[in-house]
Amino acid sequence: MDGLFLYKIIILYMLDRIDEYTLTNTQLTSFIQDRGYTNMFNILEALSELIDSGFISVSTIRETQHYKITNLGEEALFYFENRLPNPIKQDILEYFKEERINLKNESEIYANYYPNDNQEYTVECIIKERKDTLLNLKFNVPTHKLAVSISNSWRAKSTDIYNYLMNELASNPDSDHPQGEN
């Protein structure tokens with residue numbers, strides 16, 4: 001079996017088995033390199049070809065690439081998964097079992113920022129549970145430094161902020177007015 005083909009199948013299999021989450025470039029390359037399957041050059045070539053063929057999609061969040069299998073990739077995997085050796089499949093499943101909490105945390109709670117048209121920065125802070133978005137806060141801040149600071153602290157403070165917002169929004173200090181009336 002062609003080595004590059006094998007690396008592509010490994011990547012597709014990993015992305016398919018991670019369910020609704022994404023995998024970062026670091027997570028994919030660490031797994032493949034740590035087990036000695038191949039080197040960084042081959043991984044990057046396989047990723048590039050998978051993206052070009054539409055088998056995986058890539059999004060960049062805070063300068064980190066996140067990969068997700070597409071429907072076309074799932075279809076390709078369906079036809080070629082049987083060519084992936086069982087020991088490699090077991091390695092992947094064990095890796096996910098060992099790293100499940102870390103993978104889940106990276107995929108469910110994240111923040112991103114980008115420059116906007118007002119010469120400010122838009123910060124987006126997200127909490128997801130499986131495929132559902134629980135919270136998506138998007139707001140403008142005046143400086144890059146502030147955008148970075150908020151993004152960096154989001155993971156640590158997200159649960160407290162979410163709970164605070166739910167408690168504040170669920171409490172009805174003016175119970176004389178039914179919801180929707182002024």
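Predicted model: local features only at pLDDT ≥ 70, side-chain atom pairs only at ≥ 80, totals over all residues.
Which residues in α2 meet which residues in α3?

**View 1. Contact of helix α2 with helix α3.** On the α2 side, the contact is made by Asn25, Leu28, Thr29, Ile32 and Gln33, which meet Met40, Ile43, Leu44 and Leu47 in α3. By residue class, this contact of α2 with α3 comprises six nonpolar and three polar residues, with no charged ones.

**View 2. Packing geometry of α2 and α3.** Helix α2 spans residues 25–34 and helix α3 spans residues 40–52. Their axes lie 10 Å apart and the helices pack at an angle of about 130°; α2 and α3 are therefore oblique to each other. The crossing in which α2 passes α3 is right-handed.

**View 3. The largest nonpolar core.** This core has 30 residues. Those touching the most other members are Ile10, Ile11, Met14, Phe31, Leu84 and Ile92. Two or more residues come from each of α1 (3–17), α2, α3, β3 (64–69) and α5 (86–108). The greatest contribution to this core is that of α1, with 10 residues. In soluble globular proteins, nonpolar side chains tend to be buried together.

**View 4. Surroundings of Leu84.** Leu84 is among the residues of the largest nonpolar core that touch the most other members. Leaving aside residues up to four places away in sequence, Leu84 touches Leu6, Ile9, Ile10, Tyr13, Lys89 and Ile92. Of these, Ile10 and Ile92 are also listed with Leu84 among the core residues touching the most other members.

**View 5. A second, separate core.** This core consists of 10 residues, including Ala111, Tyr113, Leu135 and Val141.

Methods: Residues numbered from 1 in each chain as written. Heavy atoms only, no water. Axes fitted to C-alpha atoms, helices over the stretch in contact; angles between N-to-C directions. Helix = DSSP H or I, 4+ residues; strand = E, 2+ residues; numbered from the N terminus. Parallel < 35°, antiparallel > 145°, perpendicular 65-115°, else oblique. Left-handed = near helix turned anticlockwise from the far one by under 90°. Contact = heavy atoms within 4.5 Å. Nonpolar A, V, L, I, M, F, W, Y, C, P; charged D, E, K, R; others polar. Core = buried A, V, L, I, M, F, W, Y, C linked by side-chain atoms within 4.5 Å. Buried < 20%, exposed > 50% of the residue type's maximum accessible area, 1.4 Å probe, protein only.
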